Every structure is written in C-alpha cells, then in structure tokens.
Amino acid sequence: MSDSADVGVQKKDAKKTLNRDEAGRGPIAAALRAPEWGLIAAIIASLAFIYKVDSSHNFFTAYSLENVLHNVALYGVLSLGAATVIIAGGIDLSVGAVVALSSVFCSKLLIEWLPKIPGLGSEITIAHVAIAVFATLLLGLVVGLLHSLMINIFRLPPFIATLATMAGLRSVAIIIANNRTITVASNTFRYLGSENRYTVPIFAVLAVVMSIMIGATVLGRHLYALGGNETAARLSGLRVMRLKTVAYCISAVLAAAGGILFAGNNGKGDAQMGKSYELYAITAAVVGGCSLSGGVGSIRGTVLGLILIQIVIKGTGIVVHGIDSSTIEGLVLGTVIVLAVAFNQRFRVRRA
Amino acid sequence: MKQTVVRRAFWCLGAALSLLIVAGCGGDAKDAGTSSPSTSNSASPKPAGAPKLVFVTNSNADWWNAVEKGMEDGGKEFGCDVVMKRNDGETQGQVDKLKECLALSDVQGVAVSVIEADAPGVLDAMRALQKAGKLVIAIDSDVATSATDARSGYIGTNNVKAGEAAGRAGAALRPDGGKTVVFVGTRSAANAREREDGFFKGAGEKFTRVETWEDGGNHTKAADNVVSAITKTPALGVLLGLWSYNAPAIAGQVRKSPDVRKKATVVTFDLDEAAVPDIQDGMIDASVCQNPYEMGYQGVKLLKALIQKDEKTVKEILPDGKTRDTGVRVIVPKADSPVMKLNKPKGDDVITIEEMKKWLSSKGLKSS
C-alpha cells in the first residue's frame with residue numbers, strides 16, 4: 001500500500017474514533033468518566049468551603065462573581081493556546097513576552113502610527129481598533145511562524161526556542177515603546193478587555209472553537225498523536241512539522257489576543273506587562289489535566305482548571321482575616337496546584 | 001533531500017539576519033562605548049564637553065515622563081548631557097543599571113530613585129560609583145537613614161508629609177472617618193510605608209486601616225484587589241491608592257459600582273495619565289501629586305553643581321545640606337470640594353484638575 005493510501009486510512013480511522021476516548025468508549029460513557037469531573041468536584045468543594053468560612057457570603061455577590069468571570073476570560077485566552085501546545089507535546093514560554101509585545105504594538109498603532117495615516121484621523125474609532133487588532137493578531141502569527149522556524153528548521157527544542165523569544169520579544173517591546181507605558185484612554189478600545197459584555201463572549205467563542213478543534217476534529221486528533229509520540233506520529237504519515245506550526249501559531253495568536261485584552265483592561269500598553277503570565281497559562285493547563293509530556297488534556301479541563309485557580313485566589317482574599325491576604329495567596333495557590341496535579345496523575349494511573 | 005535544501009536555505013537566511021542585527025547593533029555600540037545608554041533610554045542634546053549624567057529610575061511608569069521632561073529642560077539650561085535609564089521594577093534590574101554606569105568611564109554623575117531604601121545590593125552599587133569618583137544623588141525615593149553615606153543629597157517628596165496631606169484631605173472629605181483599605185505595589189517600599197503612615201497620622205484616629213492589598217506591580221492584579229477589597233469589606237469608608245497606577249485601578253472599579261462610589265471616599269497619589277479623566281468625572285476625590293518635573297530639573301542642577309564644586313548652588317538647592325523637598329499639590333475634581341478649605345495660606349496647595357491640566361500643558365506633560 002502506498003504512503004498516501006496509509007494516510008487516507010488513518011484519517012478515516014481518526015474520524016471514526018473522534019468521539020471515543022482512549023479506552024474506546026462512546027461519547028456519553030467517555031463524558032461520564034472524564035477526568036474533568038474531579039475539577040468540577042474541586043470547584044464545588046472550594047465554593048462550599050468559601051461559603052462556610054465567610055459568613056457574609058460576599059464572594060457570592062454578582063459583583064464578585066463577575067470579576068472572577070472577567071479574570072477567567074482574560075487569562076483564559078492565554079491558557080487556551082498554552083494547552084494546545086502542551087497537548088501537541090511542546091511548551092511555549094514566550095506567552096508573557098507576546099502579551100507585552102502585542103499590548104505595546106496595539107497601543108502604539110492606536111496612539112501614534114494609525115493617526116498618521118491620511119484619512120484615518122487622530123480620534124480612535126472602531127476602524128482604528130479593527131485595524132490595530134488585526135495587525136496585532138498578524139504579529140502574533142508571525143511570532144508563531146518564527147517559533148515554527150526555530151523548532152522545525154533549526155531543530156531547536158521548543159523550550160529553548162521559546163525561552164529565546166521570551167527574552168527577545170520583551171526587548172522588542174521595550175524598543176517599540178521606548179521603555180515607556182503607552183496610555184490608551186479611548187473606551188472604544190478599552191471595552192474589549194475591561195467590560196465583561198465584550199471580554200467574556202470573546203473568550204467563550206475562542207474556548208468553544210478551540211474545544212471543538214482539539215476534541216472533535218482530525219486536526220485535534222493529530223495534535224494528540226503528535227504529543228503522545230512524535231516518532232510514531234511521523235511514521236504514521238502525519239505531517240509533524242505542519243502540526244507543530246499550527247500549534248505554535250495558535251498559541252502565539254491567542255497570546256497576542258490576550259495582549260490586546262490586557263491592554264484594554266489596563267488602558268495602556270506596557271513592555272513590562274505579562275511577566276510570568278506564561279507560567280499562569282501553563283499552570284491552568286496542568287491543573288486542568290494536561291500532561292507536560294504531551295498527548296493528554298483538554299480545553300474544557302483547562303478552562304475548569306483556570307476557574308478553580310481564580311476561585312482559590314479570589315476566595316483566599318476574601319476568607320482570610322487577621323493577616324493581609326496577599327501574603328499567603330501564593331502558598332494557597334501552590335498547594336492547590338500540587339493537589340490537583342497529584343490527583344490527575346493518580347486518576348490517570350488508575351485508568352491505565 | 002528537499003527538506004535538507006530548505007533547512008540549509010533557512011540556516012543561510014538566519015545567518016544573514018544575525019549579521020544584519022549585529023551590524024545594526026554595532027552602530028549603537030559605538031555610541032554606547034562613549035557613554036550613551038541602550039536604545040530604550042532617552043537622551044537630550046549633547047553640548048560638547050558637557051558633564052555626562054545618568055538618571056536611573058525604579059520603574060517605567062508614566063510618572064517618569066515628567067521627571068524626564070524636567071531632566072531634559074535642566075540638561076539644556078545647565079549644559080549637561082543627560083540620559084534616563086528606566087528600570088523594570090526589580091531590585092536586580094536597578095543594581096545592573098548602576099553597574100552599567102560604573103562601566104561608563106565618562107559618566108560623572110548619577111541620580112537614582114532607590115527601589116528599596118535598605119537593599120544592600122543597591123547601596124553597594126551606589127557606594128561603588130562614589131568610590132569610582134562619580135557623584136551620586138537620590139531622587140524621588142531616598143536611601144534608609146542608616147545609609148545616607150551612599151548619596152550626596154536627596155531631591156524628592158517628603159512622603160510622610162505627602163501622606164499627611166492625603167490624610168487631611170481624607171478627613172476633610174469624610175469628617176466621621178471610616179474603615180480604610182490601602183492599595184500598593186510593594187508595601188515594603190519606603191515611599192509606600194511613609195505615605196501609609198503619614199495618611200493615618202494626618203487623617204486622625206477616626207480612620208482605621210482594615211487591610212493593605214499588594215499587587216507586585218501587576219496592573220491587572222491591582223484592579224482585582226480593588227474588587228476583592230470592596231467585596232470583603234462592604235462597609236469600607238476610604239480607598240487609598242499609594243502608587244500612581246493604583247488610582248485608575250481604583251477608579252475603574254468604583255465607576256462600575258455606583259453604590260461604592262456613593263458610600264466611599266477615594267484618595268490617591270500622583271497623577272497617572274489614565275487617572276486624569278477619573279478625577280474629572282469625580283471617581284477620585286483627591287490625589288496628592290508630587291512635582292516630578294522639579295525633581296528632574298533640580299537633579300540636573302544639583303549634580304552639575306556638585307561636579308563643579310559650586311558650593312553656593314548646592315546650598316541653594318539643599319538648604320540643610322542633604323535634602324530638598326519638592327513639595328506636593330492636592331488635586332480635586334472641582335472648586336467646591338471640601339478639601340479646598342485646606343488651601344493656602346492655611347497649609348496645603350490645593351488646585352482643581354482643570355488648573356492642573358493647564359500646568360501640565362504648559363510643561364508639555366500628560367502626567368505628574
């Protein structure tokens with residue numbers, strides 16, 4: 001049988017098994033046994049704990065819950081990309097730097113570059129915002145292609161390639177901004193990242209699209225196959241280089257989208273923005289069930305992981321009395337990460 | 001085979017790009033060798049033979065643009081070649097920048113905003129600069145009282161007095177006092193401690209601190225902290241933002257919660273560009289502004305006088321021989337603010353945001 005015929009057969013097989021889990025169970029049985037139930041239980045337990053400890057139940061006011069949702073949406077955009085790369089067996093350490101670069105690039109476009117174009121005018125309009133957002137996402141795509149170039153062509157390990165851009169891209173952001181913050185006061189732009197009515201739907205659409213892409217398409221299955229065993233994926237006829245390119249471009253474009261939203265939320269582009277956001281994004285993916293060795297995890301798990309993290313962070317701030325909550329927030333979060341990952345690993349071992 | 005050819009082509013392209021980058025950096029390196037900082041820093045025109053001065057900031061906040069403007073105007077007026085190196089908000093970053101100054105043999109004077117008043121790394125680097133024959137002063141944020149040997153003088157705000165002015169404004173706005181929550185990047189920073197202490201001293205016993213929320217310089221977290229504080233303390237009376245970016249972070253959340261706006265008083269420090277419309281709209285009741293322009297301007301004047309051993313000018317700038325307080329102004333939304341009753345000649349310098357905007361415009365500034 002020819003290679004192309006092999007690929008055709010595998011693609012058909014992949015389509016057949018799209019809605020089945022690793023053990024070959026149907027979609028309903030797989031859903032009932034999904035590891036995400038553990039996260040849902042953890043979220044419910046955390047909420048119950050907060051409810052019990054904080055007698056005023058301030059955490060459960062609409063104002064507070066809206067803020068939790070807002071943060072899930074802001075950081076979630078980054079986590080979706082991080083999860084995609086991790087599922088494909090890679091790692092993207094440049095997320096925070098791309099957030100900084102895109103926040104600066106988008107702000108600079110809005111404040112300095114676009115107003116110089118004849119006919120556009122100096123006041124920020126929807127047209128300005130649309131052009132700036134499109135150009136910034138394009139910049140994200142270029143960063144993704146750069147990662148692909150370094151990983152596929154120069155054969156750099158993803159850790160090294162994205163480590164290099166983590167440093168390099170922040171430097172580019174500093175140069176573009178001349179190491180200043182760039183204030184964008186216009187609400188036309190700011191609403192994208194500061195108002196739930198815009199930020200949450202943007203995230204929800206991205207999450208649904210990514211979840212379908214990863215969980216219910218051939219491309220998604222191929223990304224899992226790549227992350228599970230790259231050599232086997234290559235020998236099976238999958239276009240490994242192309243898959244890596246797709247994964248890193250998705251991550252970089254989503255990080256650029258995150259940079260736009262954070263710039264909107266803060267009302268400024270800042271080359272120092274986004275420090276350690278890559279770790280935050282990776283943490284959400286790992287707590288959500290993604291394995292750093294690749295081939296395991298899901299978008300819905302990542303979103304649930306992020307919700308759990310946000311509830312823990314905000315809940316700590318509200319239930320802790322007697323000491324400033326900022327001082328123990330990290331300790332509580334670290335404990336949750338250890339417990340969540342230990343639970344996931346035990347769950348996986350039992351299933352295996 | 002095809003892949004190998006493609007890979008080789010990309011390697012060649014990569015090598016060519018690297019050469020181009022190195023060549024591009026070479027142009028900058030030429031300048032750097034003679035003293036200029038990296039491209040991320042700013043420079044004023046260079047008079048021939050002018051004293052070379054470097055200002056090292058603690059962060060890259062908007063606020064430093066006003067210092068830079070004063071520094072540039074001072075550089076032009078006093079014939080100095082001045083550059084500003086903006087730090088990334090980290091102590092190590094500031095130590096590295098001070099060591100860079102040490103490596104630049106023609107730099108004669110350094111002004112530094114000390115990121116942590118008693119950080120040994122920063123103090124050691126300042127002393128090393130002095131040992132190398134360079135004059136060092138502190139601007140904006142001073143060294144600890146036990147380490148005044150590390151600098152020849154300090155120009156900036158007396159943050160305790162600034163805090164007291166904020167406290168008096170808070171008391172004027174809210175005579176019955178109230179529970180106060182404080183927002184800041186790093187609570188251990190000298191200016192944060194002094195402003196917080198000064199506030200409660202100036203406001204009086206009717207005001208009690210409930211909690212201080214730190215954000216570590218993360219602006220997104222700064223806004224989150226405001227939400228958490230509002231949620232956790234429904235009966236809060238005062239929201240006090242100690243660092244410049246805390247002002248728009250507080251105002252942004254207060255704007256979303258009209259109930260909180262009705263009940264609580266908002267007092268902040270500095271005038272971040274993003275906070276100007278917030279004060280205009282009445283989302284911030286009073287903001288205590290330093291005079292960063294003056295710090296930059298006087299910093300250049302003092303360094304030049306110290307280099308040239310001009311004792312008369314040094315005495316003029318530092319009346320007590322060591323420090324100069326550049327003073328503060330209290331900015332309020334409108335002339336009918338209760339804070340106006342504190343206005344000169346009684347004590348504080350209180351002006352409306354419109355008056356402040358005119359002053360900013362006259363100096364070519366957007367923040368202060």
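**Figure 1. The contact between chain B and chain A in the predicted model.** Chain B brings 41 residues to the contact, and chain A brings 42 residues. The size of an interface is often given as the accessible area lost when the parts come together. Here the area buried between chain B and chain A is about 3,500 Å², and carbon and sulfur atoms give 45% of that area. Within chain B, the residues that lose the most area to chain A are Asn60(B), Thr220(B) and Lys232(B), which together make up 17% of what that side buries.

**Figure 2. Salt bridges and polar contacts between chain B and chain A.** Four salt bridges are counted between chain B and chain A. One of the salt bridges joins Asp272(B) to Lys268(A), with the closest N and O atoms 3.1 Å apart.

**Figure 3. Elements of chain B on the side that touches chain A.** Two or more residues each come from helix H1 (2-34), helix H2 (63-78), strand S8 (207-214), helix H7 (219-232) and helix H8 (246-256) of chain B. H7(B) gives the most to this side, with nine residues. By class, the side of chain B that touches chain A has 16 charged, 16 polar and nine nonpolar residues.

**Figure 4. Helix H6 of chain A and the residue Arg155(A).** Helix H6 of chain A covers residues 126-153, 28 residues in total. At 1.5 Å a residue, H6(A) should span 40 Å, which agrees with the 39 Å between its end C-alpha atoms. Just after H6(A), Arg155(A) takes a positive phi of about 55 degrees.

**Figure 5. The aromatic pair of Tyr75(A) and Phe262(A).** Over all chains, the whole structure holds 14 aromatic pairs. Among them is the edge-to-face pair of Tyr75(A) and Phe262(A), at 5.2 Å centre to centre and with 65 degrees between the planes. This pair links distant parts of the chain, as Tyr75(A) lies in helix H4 (residues 62-87) of chain A and Phe262(A) in helix H12 (residues 240-266) of chain A, 187 residues apart.

Terms used. Residues numbered from 1 in each chain as written. Chains lettered and ligands numbered in written order. Predicted model: local features only at pLDDT ≥ 70, side-chain atom pairs only at ≥ 80, totals over all residues. Heavy atoms only, no water. Contact = heavy atoms within 4.5 Å. Buried area = accessible area lost by both parts, 1.4 Å probe. Salt bridge = Lys/Arg side-chain N within 4 Å of Asp/Glu carboxyl O. Polar contact = N/O pair within 3.5 Å; in protein donor to acceptor, adjacent residues only side chain to side chain. Helix = DSSP H or I, 4+ residues; strand = E, 2+ residues; numbered from the N terminus. Nonpolar A, V, L, I, M, F, W, Y, C, P; charged D, E, K, R; others polar. Expected span 1.5 Å × (residues − 1). Phe/Tyr/Trp six-rings, centres within 6.5 Å; stacked < 30°, edge-to-face > 60°.
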